[in-house]
Amino acid sequence: MKLNTAIFMAYFRNTDTSANGGKRDRNTFKVAAGLTVVLFLICTLQVNGQNRLLKGLVSGQGTPLSGATIRLYRLPDTILAQQVTSDQQGAFSFNIQEPFRYQIRFTAVGYQPYTYEVNSLSTVIKINLQPLVTKLAEVNISSPPNAVSVKQGKLTYNVEQSATATGSNVLELLRRTPGVNVDQDGNILLKGSAAVNVMLDGRMTYLSGQQLSRLLEGMNSGTVSKIEVITTPSAQFDAAGNAGIINIMSRRTNKAGYALNISSGMTISRYLLHSESLNGNVRTGKVNFFGSFGYNYRRRFLEETSTQLSGGSTLLRDGINPNQSRFYSYKGGVDINLSSRQQLGFSYTGTTDDWSKDAAGTLTIINNANQITSRVLSHDYAKEPFYNNIFNLNYLLKLDTLGKVLSADADYIGYRNFSDGYLNSNTYDPQGNLVGGFQQLNFHQPSIIHIRSFKADLTLPFKTWKYKAGVKYAAVETDNNFRYDSLANGVSTYAPSLSDHFQYHERIAAAYGSVSCKWVGTDLEAGLRAEQTNLDANAIAAGRRNTANYLSWFPSLGITQSLGKEQQLDLSVSRRINRPNYTDLNPVRYYIDKYALYQGNPGLVAETSWLSQLSYTWKDRYIASLSYNHSENFIGRTATVDPVTQLLTLSTGNFPHRDRLELQLIIPVTLAAFWEVQTTTTFSHTAYPVAQLAGPLTVTKDAVDLFVNQTFRLPAKITFELQTRYTSPDLNGAYMSRYYFTMDGGFKKSFLNKKLDARLAFADLFHTGWYWGYSLSDTLPYSYKNTPDSRRLSFSLVYHLGGKLTPGKTHRTEEQDRL
């Protein structure tokens, strides 16, 4: 099969770079719809082959067996093609297409499973199942799934049974994931870079930075089954995310019936915190209704200190930054099997984050004679209610019984963030006298974002290979009309120099094709993705407008080679892009005090990277991975200072390039029958240029990240887990982050036939989880240290009713990652 590239290339040749965005959008939607129709017609032509009946009889001890489950798997990739049950006479049949080679698996209550391979229609298959023999007084031991597995650039961490998840949220769970780091601002770092996309159940989230960290902080980690770290994604994924993708997978099943989880937890730290949730579904043969509601009360206390040298003076900051949040999450939807080959789904996901902070700080200014010249006392208050509403409509059509599938998703996402507050300050001389009077800035910063996206994917499996193709179109609009007012002598005056109106429009049209093949001991997947980007970032008051229109190509390759029964080699290579987050482009100001602020950078350009990884696996347990990442226009944290006003501006900027080499070793060891230890060690070497007074200087750093997880199986079926992590100093944009160390642990026990789970956990036992570092540039000698209230004790109970939980499908796209 061949993708109709003529239509695709015609679109890119005729892309309108003028302001006629409406006409361009309509043309793009027509192209997306046309490609979908073409893919559908091509696929339909593929399925008009000759169909034949494969018949058989199943019996138990010579008697016809009704109600047996018979599953038909296509070989050699063992993909489930069909499933039937035997009738009263034990008969069954499959409607198949020649040529073929299949494996049939028979299961029935009270009988041993049986597997049969077939590649001929010459005779009727006759199977006689043997009874299942049960031995009394026999201990049946089952081993849990491997804690870590790797395939084609994807590391999978199974965290469902972790005792340390108690009382924590998903962001804290990521902080305990080997290879993943979370900095003091809540930014998620993978391979030393914040250019990572976070997915929920295989779909991109629409958030990044502070918004993403707030969302993950509101999610209970007890709902997570596993975390996938994809360092070199294939062509079917959006090309965004230079460091790779983190996929957070929920617990789920497809069994009929109902299920309900009721959970409640309490955490003791500096504050008393609590969370409650209801999560359930009802599944019949054709319909699955699902829904959830959660509430999480969070409070955080952060001590912040920093030292800044500029203009011959030293600026010492010492402050506290407490914040609190009442986080509500709610979800509902339905999945409908319209027929044996068609599925339709609708879902709504919403969150409300009633977040506020009330910070205070002292700034002490010291001259070069080590004398205090002034002190500034600041009070920073902000209230930021945050509302997310996500609507998804999805459709799936099985074009035949051999695995040919056409799927489509349409999403509408609306975000509203209304930030209001003030920053006031009083300046005192060395004798404690008020200088200059009371000063206050009031701010109003509403941010409204709309995202509309459509995508369609086609899967065509053949005898020894599989083809995938797809199209996507996404339109993003953001509007942030922020305003500052200066309060002086009781009169509030509009401050035009601090205010602005930022508007951002982005259109991305994409298409991809990939092919995967399987030989004896070898799996290969190669793909190519093309993305046409058209953007317009406009800071109206400042008169700064950046536009871009470009076509990018993103090839990918993944090879898995079996080296015998116990060894496996994986090689993966892909090209990626990291478009700037919308908030990083927005020039709105967020003041820390009268001498420091954070401001976006409308001049940011996209970062591109080549990612490659070679992994070796032995006995499905021992893993060694070597990866290399080369980025152009690397996006990282920056800091500048005005030599006259001494105003410190924290921002995000482009570095010319960045290189990072990593070696990761995963070694599990069983020290005793009750004691297992898994060690993940990551060695890295990073290099990129940083601005200096004498010109750019390439900074380099060798670092190590050590993660040790110990599991103890205690008497009375109690599990104790102890996790220790040490991260040595490492580069982070224009900063060197100093070491990070923490120790977490937890106990777990199940009651009432595993219907009730009780967990007790502690976090940051020695209160050493600090975030500290210093600037690498001599243009701004600057250092900081932030100490959170991370030492906590948590207790939770989860009660389960009915069958296993099916939360419903989660549908996301890449644009959400950049808000």
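**Entry 1: a word to start with**

I began with a definition: a residue counts as buried when its relative accessible area is under 20%, as exposed when that area is over 50%, and as partly exposed in between. I also noted that this is a predicted model.

With that in hand, I looked up phenylalanine 106. Its relative accessible area is 0%, so phenylalanine 106 is buried. Then I turned to tyrosine 114, which has 37% relative accessibility and therefore counts as partly exposed.

**Entry 2: rings that pair**

How many aromatic pairs does a search of the whole structure find? I got 24 of them.

Next I visited tyrosine 348 and phenylalanine 391. Their ring centres are 5.0 Å apart and their planes stand at 40 degrees, so I wrote this pair down as tilted. Which strands hold the two residues? I found tyrosine 348 in strand E23 (residues 342-366) and phenylalanine 391 in strand E24 (residues 372-398), so the pair ties together parts that are 43 residues apart in sequence.

Tyrosine 348 has a relative accessible area of 21%, which makes it partly exposed. Phenylalanine 391 is partly exposed as well, with a value of 35%.

**Entry 3: charges over rings**

I then looked for charged ends sitting over rings. Arginine 299 has its charged end over the ring of tyrosine 271, and the distance to the ring centre is 4.0 Å. I noted another case at tryptophan 772: the charged end of arginine 738 sits over this ring, 5.4 Å from its centre.

**Entry 4: a nonpolar patch**

My last stop was the surface. Here I found a nonpolar patch formed by Met266, Ile268, Leu272, Leu714, Phe747, Leu760, Leu793, Phe795 and Leu797. Together these residues have about 750 Å² of accessible area.

Which strands each supply at least two residues of the patch? I wrote down strand E17 (257-268) and strand E47 (792-802). E47 gives the most, with three residues.

Leucine 797 lies in strand E47. Is it buried or partly exposed? Its relative accessible area is 36%, so I recorded leucine 797 as partly exposed.

Technical notes. Residues numbered from 1 in each chain as written. Predicted model: local features only at pLDDT ≥ 70, side-chain atom pairs only at ≥ 80, totals over all residues. Heavy atoms only, no water. Patch = residues over 30% accessible without salt bridge, like charges linked within 9 Å, V, L, I, M, F, W, Y side chains within 5 Å. Areas by Shrake-Rupley, 256 points an atom, 1.4 Å probe, with all protein chains shown as cover. Salt bridge = Lys/Arg side-chain N within 4 Å of Asp/Glu carboxyl O. Helix = DSSP H or I, 4+ residues; strand = E, 2+ residues; numbered from the N terminus. Buried < 20%, exposed > 50% of the residue type's maximum accessible area, 1.4 Å probe, protein only. Phe/Tyr/Trp six-rings, centres within 6.5 Å; stacked < 30°, edge-to-face > 60°. Lys NZ or Arg CZ within 6 Å of the ring centre and 35° of its normal.
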